[in-house]
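User: Please take a close look at one part of this model and describe its surroundings in a single connected account. I would like the criteria behind each term to be stated along the way.

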Number of protein chains: 2
Amino acid sequence: MDEARSKLETQPLGWWVRSHGCNDLTLEHDDREVCLMGWVQYRRDHGGLIFIDLRDRDGLTQVVFTPDVSAQALEDAHALRSEYVLAVKGVVRRRPEDMINPNLYTGDIEVAVREFKLLNRSRTPPFLIEDRAEAAENLRLKHRYLDLRRPAVAGNLRLRSQVVHEIRNFLHSSGFTEVETPVLTRSTPEGARDFLVPSRLSQGHFYALPQSPQLFKQLLMCAGMDRYYQVVKCFRDEDLRADRQPEFTQVDMEMSFVEEEGVMSESENMIARLFKEVLDVELETPFQRLDYSRAIADYGLDRPDVRFDLTLKDVTDVVRGSGFNLFARAELVKALRVPGGAELSRREIDEYTDFVGIYGAKGLAWIKIKEDEWQSPIAKFLSREECSGLTEALGLEAGDIVFFQAASPEVVNNSLGYLRLKLGERFGLIPRDTFAPIWIMDFPLLEWDGEEKRWMARHHPFTSPKDGHMDLLEKEPGQALARAYDMVINGQEVGGGSIRLHTREDQERMFKALGMDLEESRNKFGFLLQALDYGAPPHGGIAFGLDRLVMLMAGCSSIRDVIAFPKTQKASCLMTEAPAAVSNRQLRELGIRLREAEKKPEE
Amino acid sequence: MDEARSKLETQPLGWWVRSHGCNDLTLEHDDREVCLMGWVQYRRDHGGLIFIDLRDRDGLTQVVFTPDVSAQALEDAHALRSEYVLAVKGVVRRRPEDMINPNLYTGDIEVAVREFKLLNRSRTPPFLIEDRAEAAENLRLKHRYLDLRRPAVAGNLRLRSQVVHEIRNFLHSSGFTEVETPVLTRSTPEGARDFLVPSRLSQGHFYALPQSPQLFKQLLMCAGMDRYYQVVKCFRDEDLRADRQPEFTQVDMEMSFVEEEGVMSESENMIARLFKEVLDVELETPFQRLDYSRAIADYGLDRPDVRFDLTLKDVTDVVRGSGFNLFARAELVKALRVPGGAELSRREIDEYTDFVGIYGAKGLAWIKIKEDEWQSPIAKFLSREECSGLTEALGLEAGDIVFFQAASPEVVNNSLGYLRLKLGERFGLIPRDTFAPIWIMDFPLLEWDGEEKRWMARHHPFTSPKDGHMDLLEKEPGQALARAYDMVINGQEVGGGSIRLHTREDQERMFKALGMDLEESRNKFGFLLQALDYGAPPHGGIAFGLDRLVMLMAGCSSIRDVIAFPKTQKASCLMTEAPAAVSNRQLRELGIRLREAEKKPEE
């Protein structure tokens, strides 16, 4: 401990009260007595004076310790270090001309300190409290309370707070009632993996944390609640991808006496107002609408980024008789033409070939269209007819590159769909600061699960088929379309919902189509079936992924940047070290034991 | 199925859109074409017409099927039953004079139906959908979706939504940032019993559901968030009393750079505004303040109902030398004088004697003061001096009754404290529709735990002692007072909080006082101690129990009346039957097994 430090004692706040934040003072406050509190961002000693940039959540103010205002304060200030916590009283004054900082809201003034209190000391932080600081993420997460001091991260959380506030205000003024649904619920089959909570009072039984309040919000409609919303934590025990968290937040809504139009127009009005209020961005309503089948055909993905034009073309028929065996035999062949793409290097093309491998593609065929020839490893396999067929179908011009994928529809669409996004970036086709919202509709109701050998609900088993598609459940389940809708912005799915089945008869037919017999469906969903029996109104709803929405609005690339205390991909919290061992007494009380003897809990 | 029913098919909503709710139409809308949707509350057949009271969440509208408007609709209407769901189109018209209902907002009009759709049928509900219906609570909870259709219960949920909305608006406009803290957290010792969640990715380890976001909100202050709030679910795995739920909702707040005054004034402004906006009740600020010791002395309880005056009096010294052995030897003797109480019957007094038994009292001494004598089983033991001493100390007058309790302070204060509330009811001393908020302050910091044989934090181990009381931690722990404050309204604790310890040194001294050595405290709370080491600001906060607050505002007697899907005292949900058995596969994935072999899960 150095000498100066040892001299300066921390003090209680006492009756000192902040008069302003650190981003409030300008020349308007010249000569005003103020009291500021915050952290030492920088200290500079210059010409016998000490300058400190005092930081709070709102910004910075320069405070200056000078002998003519207080020799004592100046002497004490020698003990101050980065991240020490101060309360200062002093007078606002104009900075000398050469010290004015036009980049700072408070850059015209400084506060000359008459008196100050040291409220707390700080050890030297393990990384700089600055946006430009590039510490390893794990270190930042371990000391999240320091990471959150950085203006950018703190700003994300404040943006999130504002987003939620605007959403709530909109919904409240639209007649929605906020209702809290239980967190300790019953494990529901037909979804992802549940987090379980052992019951102590009813040993051998378990609660489950909700994957969504789906059934509860439908029951609220049965209860006549009419319009419900909730900003609610949901839970899925899945192996985490980079952009997933085991707990996430949904803006959950449900409405009675509506069809698709009712839910969609309320939703897009909400999103449009949100973007206007928070980002001052105008989104035109109604949003564009696109069939699922069209989205897959043109963009390869069911959440297309429609900010740029590049579309996929089905050329299966054009190359049907090709001498290139792969093309001739494939179930589906699609092409992606990139104007100006002929400039791509071999190295770049190799990278894209590796990239599409992630989506199961075994390779990536390509042709560069030059003035006088087609450069391509596969050109030699293509007949003159095929070449002119492709030229016509794709509108090829000199300078283009065309990528081809020939495989199963899933591989073709995924690999070219994601390649399209990468090429959009590479060629600067994606306009910045633009938001392109779109509804995707007419999804298939069911999809075949090859492992379980049965039809599964694509959305969830409570989704209604389109008018007239109910009978397809028994005849051609794969052909039934759902009354479902997803909202996609810039290629991110931000929300999704559906009109629900609201009669017991239809719900039981759906369960049957999913391979449940009557007994099984009554065991698993008896309370829902009962509720539908007592005058359930027609209803539908939607849920928005708040984390993803905020991430999009904040322009962040990781979902962890918009969550105060996120977990790692191993679902652990590096700061608190959760999950952790618990005592044997705790396990005993819950009537459970660990499966592997060697994994003994701490006593 | 009767014949009429079989003829009328349910139909989809199609393009029908509601024009009004069922509580909107008055004579202003005379002759207007409208479309209403809702449930059949009552059907009356009268004079060849059919009248239906159509109900939605907002109210009732009478719709009438008449042959002159639509013979077809009238014929179809014969199939309608209670709780069937309808959409009707028709014309608003004035009711005949003799059918006007002045008790109904829509009582001047009816809607003559041109056309209607049956949207869904209903079985006969197991209880009437009316406020006056008195079904058993278990039946109501099993069919909660029907119970919630009753206007009173639905009204509670809407009141709750409004309460939360007002609170959020207040806090948002006061510069608070809403931050979501994790639900999957680490089990913290020093609290109630945790709900645990086994981790699949890290087998043998467990998350805990938060009992409160206490540590996270303090970490947010360390992070410079300055003002935080959250309306957040909290969890305690305790044996449930009548007014407890395993999950409950807190309005959680924390502020930096404040002392008691800052938190308390912000809190009482919030509560005052809430009562004004929601109930149109004016609460005078600042709220009255009372020391904990004074509260116990006068009211016996640390959450006194100060709506009425009756206070306890310590008469230990007056009866010190009494011939009545119990009085002479007791650690504490207190009296409760009730003016006019001499009218109580023996039966009533016997009931009160049983009642105080709940709080450990072995009996209940009493004296009725008559004009000419004292009626009492104990009068004969009291000397003339004692009698005049009591008369003087208690200001006794003819017509009074005095109750005495002589025992340990805990038994004396609890038994007379709760008896006071009962007598307040009995004698009509408690004004209706009055709210008397009060702050209780200067709580003891620690209390001795006879079982664990150590000092425990009364509030929690992060609470700061009062200025100058830090040194008492080592010297006289029982004498240290806390910088804590509870808000009590009408005898209900609605909120509580404290100024926190914000330096590592002080926090470590506190842990030591609680019997933790340095290693233990670092194991359990290392991340907090580290955070305090990096410039934690002075901070404090408060948490309000939302369920209790809404219950108070709604005038309900059970917390289950203000929760959409409450659990029973066995912590189970009668509707979904949670908690429930889970599959062995689920348990295997989590690396746990049930302790008792006979309690096999379902496969």
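Analyst: **From a chain B loop to a chain A strand**

B:Asp433 counts as exposed, because its relative accessibility is 74%; the classes are buried for under 20% relative accessible area, exposed for over 50% and partly exposed in between, with a 1.4 Å probe and protein chains only. The model is predicted: local features need pLDDT of at least 70 and side-chain atom pairs count only at pLDDT 80 or more, whereas totals for chains, interfaces and linings use all residues. Residues are numbered from 1 along each chain as its sequence is written, chains are lettered from A and ligands numbered from 1 in the order in which they are written, and side-chain values use heavy atoms, with hydrogens and water left out.

B:Asp433 belongs to the loop between helix 12 (409-426) and strand 17 (437-441) of chain B. Helices (H or I, at least four residues) and strands (E, at least two) are DSSP runs numbered from the N terminus. The phi angle of B:Asp433 is near 55 degrees, a positive value in a residue other than glycine. B:Phe257 likewise is a residue other than glycine with a positive phi, near 60 degrees. B:Phe257 sits in the loop between strand 10 (247-256) and helix 7 of chain B, and it counts as buried because its relative accessibility is 4%.

Cis peptide bonds are also found in chain B. One runs from B:Thr285 to B:Pro286, with omega near -10 degrees, and B:Pro286 is in the loop between helix 7 (260-279) and strand 11 (288-291) of chain B. Another joins B:Ala578 and B:Pro579, with omega about -5 degrees.

Strand 11 (288-291) of chain A runs parallel to strand 17 of chain A and is joined to it by four bridges; here A:Asp291 stands opposite A:Met441. Strand 20 (484-489) of chain A pairs with strand 17 of chain A in the antiparallel sense over five bridges, and A:Met487 is the bridge partner of A:Trp439.

The side chain of A:Trp439 also makes a polar contact with that of A:Glu268, at 2.6 Å. A polar contact is a pair of N or O atoms within 3.5 Å; within protein, one must be able to donate a hydrogen and the other to accept it, and residues adjacent in sequence count only if both atoms are side-chain atoms. A:Glu268 lies in helix 7 (260-279) of chain A and counts as buried because its relative accessibility is 3%. Not counting residues up to four places away in sequence, A:Glu268 touches A:Thr285, A:Pro286, A:Phe287, A:Arg289, A:Trp439 and A:Met487, where contact means heavy atoms within 4.5 Å.

Definitions and conventions:
Two strands pair if DSSP finds at least two bridges between them.
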